[in-house]
Amino acid sequence: MDWRDYISSNPAICHGAARITGTRVMVTVILDNLAEGLDANDIVRSYPSVPREAVQASLRYAAELANP
């Protein structure tokens, strides 16, 4: 899976923050929910516009950013 298929950034939307493509749900929201112990199913229930694969893509995006 390539996170770029699910995550995009546009300076005109959400001030350029990384977000789930086609939504205004920022990647940080997904990651914060995961950090709080929610699983992908919980997140998709809370944000129906977010596909389950986008949750995994958010983790891959964060892992790439953290990798030097």
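View 1. Residues 24 or more positions apart make up 43% of the protein chain's contacts with a separation of 6 or more (contact: heavy atoms within 4.5 Å). This is a predicted model, so local features need pLDDT of at least 70 and side-chain atom pairs count only at pLDDT 80 or more, while totals for chains, interfaces and linings use all residues. Residues are numbered from 1 along each chain as its sequence is written, and side-chain values use heavy atoms, with hydrogens and water left out. The protein chain has 3 helices and 2 strands, in the order β-β-α-α-α along the sequence (DSSP runs numbered from the N terminus: helices are H or I with at least four residues, strands E with at least two). Its radius of gyration is 11 Å, close to the 11 Å of the globule rule for 68 residues, so the chain is as compact as a globular protein of that length (taken over C-alpha atoms; the rule is 2.2 Å times the number of residues to the power 0.38). Of those 68 residues, 29% count as buried (buried is under 20% relative accessible area, exposed over 50%, partly exposed in between; 1.4 Å probe, protein chains only).

**View 2. Helix α3 and its buried side.** At 1.5 Å a residue, the 15 residues of α3 (52-66) should span 21 Å, and the end C-alpha atoms sit 22 Å apart, which agrees (expected span: 1.5 Å times one less than the number of residues). The buried residues here are A54, V55, A57, S58 and Y61. They cover an arc of only 160° around the axis, so they fall on the same side of α3 (the arc is that of the directions from the helix axis to the C-beta atoms). What do they pack against? The partners are β1 (7-8), β2 (19-20), α1 (27-35) and α2 (40-46).

**View 3. The aromatic pair.** Searching the whole structure turns up 1 aromatic pair.

View 4. C14 is in the loop between β1 and β2, and has a positive phi of about 55° despite not being a glycine. H15, in the loop between β1 and β2, has a phi near 60°, also positive in a non-glycine residue. Buried or exposed? C14 counts as buried because its relative accessibility is 18%, whereas H15, at 82%, counts as exposed.

Terms used. Rings of Phe, Tyr and Trp (its six-membered ring) pair if their centres lie within 6.5 Å; planes under 30 degrees apart count as stacked, over 60 as edge-to-face and the rest as tilted.
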